[in-house]
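Please have a look at it first, and then we will go through it together.

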Amino acid sequence: DRDDVISGTSVTFSDHHHEIILDPVTGDDRSVTFSDRDDVISDRSVTFSDCGDEIILDTVSCEEIIVNGVSWKDELSESRDAEGNASSVKDETAAAMEAAEVRETHKEAEKKVAATKPSAAEAKEQELKNAAEKIKVFAYGGLYDEMTEALDRDKDKVLLGIITTSVEELLDDEAYMRTESKTYHSELTPISIQYSGPDAHYNEVDYYKNHSHEIESLCERLFNVDRLNPIVYSDKIETRNRMLTLLGEAHQDEVYPEVTPASPSSTVSQKAARFRTMRVADTGGLTAYKHALNVQGADAVPDGPSLLRIVREPLGTPYNWVLFKPSKEELIIEDGGSGGVMELANVLHRDYNDQVLFGLARVSFANDFGLSQFWCALEWKGENASGVKALKSYTESLAPMADRIGDRSFTLSNSSAMDLSPQIVVDFVKKSCNKNMTVQALEHAHEMEQKAIEEYWDKLEAKEKAKRDALNAEKLKREEEERKARLKIRASKLADAKDIRETRNKKWSKMNAPELLEDLGKRDLSGWVLLQVDLDK
C-alpha cells in the first residue's frame, strides 16, 4: 500500500457483482498480495497497489480477470470518507512535488557528471600514458635480420617483438628467384614475436607466460589490429620459415612452390633409351613402328613411301620390314619392324589373322665379304579374313600393291607365311635365288643388323642431345638475364626503403612505446620493435 490508504488487515472489495474479502498474505511498502477468502476469484490471489482514490488490482494468474489494471472500488467506509479523500489528494500533490524535486536533483547530478567526464581524446591520452608506464622500448629497426641480431646480443631478456614485414622482404635473393612472384608478396603483415632468451631468469619467463594474453591484447589495441599472429622465436632460420608459412597460409598459398624442374629429355631421347635394341622381346611385344608411334607420335614416324625406301636400302635403319593396308592408290602403313622376317611372321599370326595386308621384308645373310641381302614380298590374307569383302579387297588390290611395292627376290603367299621358320626362309632363298645360304648366316646377319640399329639410335640421341643442349643454353642465358633484371629491381626497392627507414628511426628515437607502436601500425613501411612489458606498473 504505497500511500497507506489500506493497512495490512483484511479488506473488502466489490466488483459490482460480488463482495470479495481479501486477506493479506505477503507484502512490502509498495504492494501486497492478498488471498481471496471466499474463493470468488478462482486463482485466489491478486496483487494491488494504491494509486489515489481508486485501488487498482493487478492480476497475477487469474483466468477470469483478463486485462491487467482492472479498477476495483474500496467498499470500506473508513477508507472512503471525505477526510480520507482530502488526505489522499493532499498526499498525491505532495508526492508529485517530491517527484519533481527528485527529477530536478537527478538532472543536476547528471550535468555535474557530464562536466567532470573526460572526452574521448582525453581518455585515449590517459590510456597511452598508462601504457607508456607498462611498456618500454628495448630496440627497434627495419628488417627481420636486424631484429634477430638484436635478439642474439641480449640472451637474458624476455621480450615481445612486433614486426610488419612481407614475403618479399623475408626471402633471400636465392629463394626470391626460386619463388614465383605474386601480388600479395609485397603486402605488409603484422606479426608478434615472443622471445625468451636462453639466459633469461625463470621468474621473468613465468611472468610473461602468465600474462601473455593481457600483453598481446594491450599491444593489439595500441597497434590497432584484431590479431598480431603470434610466433614463438626459436632461431633465425626456423622463425623465418614459420613466418613465411603463416603469410602463405593467409592467402591459401605455398610460399615455397616446387621449383620448375629442368626440361625432361626429349621424346626421341626417351625412345632411344627404351628402344635401344629393336628385338621383339625388347619392346614389350610392340613392333618398332608401333613403339615409335607411342614414343614420338604420328608426325615423327615416316610415311609409307619413306618407310618402304628404308626397307629397300641394304643398310636401312631402323626398319627391315613393313606392312601396308590394301589400296589401289597409295601406300598406307599398318605396321613395321626391325626384327627381320621371323618377327614379321609372328606379328602376322598374332595381330593380323583377320586382315588382308601386303608387305616387304629385307632378308640378310652374313658371309666373308659382308652381307648378302634379298627382298621378300608378302601377300597376306589371314585365316579369319574369309568374308566376301576381304576376298574382294585382296583380289582388287593384289596387282596395284605389287606395282607400288616393286621388285622382290621372292614372294611369301598366305600359306607359306603360316609355317615360316628360319630353315624355310633359307629354302626359299635357295630355290628362288639359287643361293646356298644357311640358318647360321641368317642369324649372324640379324645380330649385325641389331648392332647397326643401336648405332642409329645412338647417333639420333646424340643429335637430339646437341639440339636440346643448345636450346637449354639459350634458355639458361635468357633466364639469367631475367634473373639479373629482377634482382636489380629488388635491390633498388630495398635501397630506397632503407633511406626512408633511417629517417623514420630518427623520429622513433623520440617516441615512447605507445607512440612508436601507433606509427608502426600505419603499415606503410616494414619495421619492428622489441618491447619490455611490466603490467604491474
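How many helices and strands does the protein have? There are 17 helices and 16 strands, and please keep in mind throughout that this is a predicted model. Buried residues account for 39% of the 537 residues, and among contacts between residues at least 6 apart in sequence, 65% join residues at least 24 apart.

The largest nonpolar core has 27 residues, among which Leu323, Leu348 and Phe365 touch the most other members. Several elements each supply at least two residues of this core, including strand S11, helix H12 and helix H16, and the largest share, 5 residues, comes from H12. Looking beyond four places away in sequence, Leu323 touches, among others, Ile332, Leu344, Leu348 and Leu378. There is also a second, separate core of 25 residues, which includes Val167, Leu244, Leu487 and Leu530.

Now to the charged side chains, where a search of the whole structure finds 13 salt bridges. In one of them, Glu168 and Lys493 meet at 2.9 Å, N to O; Glu168 lies in helix H4 and Lys493 in helix H16, so this pair ties together parts that are 325 residues apart in sequence. Glu168 counts as buried, at 17% relative accessibility, whereas Lys493, at 43%, is partly exposed.

Helices H16 and H4 also hold Arg501 and Glu169, respectively, a pair 332 residues apart whose side chains form a salt bridge at 3.9 Å, N to O. Here Arg501 is buried, with a relative accessible area of 4%, while Glu169, at 23%, counts as partly exposed.

Finally, Asp145, Lys236 and Arg240 are linked in a network of salt bridges.

Notes: Residues numbered from 1 in each chain as written. Predicted model: local features only at pLDDT ≥ 70, side-chain atom pairs only at ≥ 80, totals over all residues. Heavy atoms only, no water. Core = buried A, V, L, I, M, F, W, Y, C linked by side-chain atoms within 4.5 Å. Buried < 20%, exposed > 50% of the residue type's maximum accessible area, 1.4 Å probe, protein only. Helix = DSSP H or I, 4+ residues; strand = E, 2+ residues; numbered from the N terminus. Contact = heavy atoms within 4.5 Å. Salt bridge = Lys/Arg side-chain N within 4 Å of Asp/Glu carboxyl O.
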